[in-house]
Amino acid sequence: MSIPFTLNGTPITWDGSATDRLLDVLRAEFTCTGVKCGCNEGECGACSVILDGQLVNSCMVAMGRVWDSEITTIEGFRETEAFQILDRTFAETGAVQCGFCTPGMIIAAACLLQRNPSPTAAEIREALSGNLCRCTGYNAIISAVDRAAKEGCRP
Amino acid sequence: MDSISKSVVKLDHGPKVRGEALYAPDHPMEGVLHGKLLRSDRAYARLLSVQVPELPEGYVFADWRDVPGENVVLLILEDTPVFATDTVEFLGDPIGIVAGPNEAVVDQILSKIQVEYEDLPPVLDPETSETIFFDYSHQQGDVDQAFAQADRIYEETFRTGYQEHGYLETNGLTAIPSDGKLTVHGSIQCPYYVHKALKKALGVEHEAVQVIQDVTGGGFGGKEDYPSILACQVAVAALKAGRPVRTIYSRREDMAYTSKRHPSRSRYKVAVKDGRVTAMDIDILYNAGAYTTMSMVVLQRGVICANGVYHIPNLRVRGRSAKTNTVPNGAFRGFGAPQTFFSAEMIMAHIATDLGIDPLTFKEAHVARHGDPTSTGGKYHFPVPLLEMSEKLTREVDYWNKRKEYDTQSGRYRRGIGFSFSFHGAGFTGSGERDIIKAVAALQKYPDGKVEILTAGTEMGQGLLTTFAKIVAKELHLPLNQIIIALPDTDRVPDSGPTVASRSVMVVGELLRRAAARLKAEWVDGEAQRFEEKFQEPDFVIPFNIETFQGDAYPTYSWGAHCVELEIDTFTGEHKVLGAWGCYDVGTPIDMTVIVGQMEGGLLQGIGYSHMEQMVCDRRGCIRSNSYSDYTMPTSADVPNMGVMIHVEEYPEGPYGAKGAGELPIVGIPGAYISALEQALGADVHHIPFSMEDTLSKWTEVQTL
């Protein structure tokens, strides 16, 4: 079937099966390789994207669900001003180690700051708790998001 | 603070944060076949036949018959086959590989392959195994006499479970055959290990194999030995197909069939006289799994660390590593030490409590001092700052007041605070650096004045590209942007050894610093210049003899002190970590942000190991906890209050005083965690991970006594 949706601001009509997974389609057909596959079952958040303003694991989204939706991946978000702030604060706190969780983490942070521009540390921890990181112990990531919020990051 | 410790933006930050960095699965698939492994579905069996259906065009099946060299994955020993031949030795043992252009078709072919087995009785319990891969003993003093003269003798047994590395990126490699050459690139911790294994399995010369690291999504030891195995398999498939083949493991495949931390059992018998420990007699058993892989050196580190940080004048340690028909266990951050450190910390705490002494006071009275002999008759050549570190840490976290407060509690929620010490012997165990690794590192200066770092050191998130570049830039008085450093390619870099054992900054970083010093002294503008440095054992080292297990097992040590405060819900068994803190001496931090990041990450992995990371192997020898759903790793919400303090004892043989760092934080944390739990429970604990269910049943047991 033909499924219309918007990917990173560009309207698209995609031909394929409604049961294909968004993650696979993004990576294989739109070269969105910043969207990572960590677990394939909605546990790790490495494949996080924004679907109509909501944070979703793209490995758990069927293409049929994407109909008429707006999808933002790291490839789109990295072109925004809000990203520039998160990029800088992630660099300052050393929030990126192996980097495999990072694009998903950035997307989760963007979603949080969209709905809550001044989150508490506990709210940041809660909002990112669906995104696993095995390297950092999370402190640096939480500090980076906290700093970005204080610097006026408004995705 | 040394100026080099001032943090910089990591060299690999930009592409990673922007999602532009290409990891193993991110390279284009055009012209590349999907490779998937056919695995044994039983733990131990004779392999009678493998019936492969007729394959569609463009698809291949390869097994041991297709291995052009020896059907052996050269790790330390040569018992791991590329593909099973006569028997399968664990559930998941690779039998063959199917490769082809369409992943779904590859899956269909795999499901149609008929394997005929003759079942054999598997050995799943290392205690009943008759195959002991490795058996080491070492002794100091007169243990029997110390026991004969003891006031009290304590005997306890400790167990530790599996731990899964849980790197966010699973194992994945691509093999590309071309004219007379085979290239493998992917998620790799040790390119030259992979290179050596490929040479043997393919039966080719050095130049016929090239190994390149892709951006790698975490390792923690899990990509130390395993990629050598996978590389041989993917390479065989690529050669048979005459096309590039890529294998990217699913999470479930990665968790069920790749290496983990060795489960262990440690039996401690301890003599106490006049309130002091006079002797320890320790028997250690590690579950190696089906093949030896890294078990030899993992066990060596385990037995060397069996007395923890304590000076025990009479010490006897025996360690064995037993074969079982389970997934082979291998390298994991800490490399055999976390198991015995946990046991040593707990037996010391239990004896203290029995003697009516606070565990920390008792431990402090026994810690080794500068100049003391080590467990293997070597020497602590440099200051041992543990007492200063415990002083700093206890003050920072208000340990003594809390410890006293939590001694009297009532109600549903109970709290505890615990303390532990640890060290990490930095670098390869024993004479490995001198006799086996023989590291070489090089600097290439170009006519434009830029300098390229050439080592086999891999970046897995630990910050190595950045720390290496900082060392060279500082020595050359050049800005960081004049230094070039890329992920290793064996066609271009010398063998500086594997990126393991917290050795890279201390050993290879120092070779780079020396090469940079020579380059600076002999710098000629406008010319290309190259300088190489080779490892030389420092003069002060008492040479280690692997036969007698005597001498300096490590040239120096990094030190750790940990504190954990937690609360348990006695109705549900839930744990809430109120705080977790570490004070670490890793010598001069080459970059403070990098070091703090390593310490925090390791600390949280250690908390996972202590409590929530349960990995179950069932009676069929099948790893059941094979997904992130079944195997719970800490999230950002689990330990909100975590702090790291840095203490610096410079190591004169390390670059600017740096020592090994990466593994240290995980080694000691279980001792602090379980000590805190014991105070909350009012009972002794003898195993990790200690789950919610364990907590609840222990609480019930304590209440009914």
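1. The model is a predicted one, in which local features need pLDDT of at least 70 and side-chain atom pairs count only at pLDDT 80 or more, while totals for chains, interfaces and linings use all residues. Residues are numbered from 1 along each chain as its sequence is written, chains are lettered from A and ligands numbered from 1 in the order in which they are written, and side-chain values use heavy atoms, with hydrogens and water left out.

2. On the side of chain B, 51 residues are in contact with 42 residues of chain A, where contact means heavy atoms within 4.5 Å. Between the two chains there are six salt bridges, each being a side-chain nitrogen of Lys or Arg within 4 Å of a carboxyl oxygen of Asp or Glu. A salt bridge also joins the side chains of B:Glu20 and A:Arg78, at 3.8 Å from N to O.

3. The elements of chain B that give two or more residues to the side touching chain A are helix H1 (13-17), helix H6 (251-257) and helix H15 (592-612); helices (H or I, at least four residues) and strands (E, at least two) are DSSP runs, numbered from the N terminus. The largest share, seven residues, comes from H15(B).

4. Four strands of chain B form an open sheet of mixed pairing, in the order E16-E21-E22-E23, two strands being paired if DSSP finds at least two bridges between them. Strand E16 (413-425) and strand E23 (642-646) of chain B stand at the edges with a single partner strand each, so one side of each is left without a neighbour in the sheet.

5. Strand E22 (residues 575-585) of chain B runs parallel to E23(B) and is joined to E23(B) by five bridges, and B:Trp581 stands opposite B:Gly643 in E23(B). H15(B) packs on this sheet, touching E22 and E23 of chain B, and its direction makes about 130° with that of E23(B); axes are lines fitted to C-alpha atoms, for helices over the stretch in contact, and angles run from 0 to 180 degrees between N-to-C directions.

6. Over all chains the structure holds 57 salt bridges. In chain B, the side chains of B:Glu103 and B:Lys36 meet in a salt bridge (3.2 Å, N to O).
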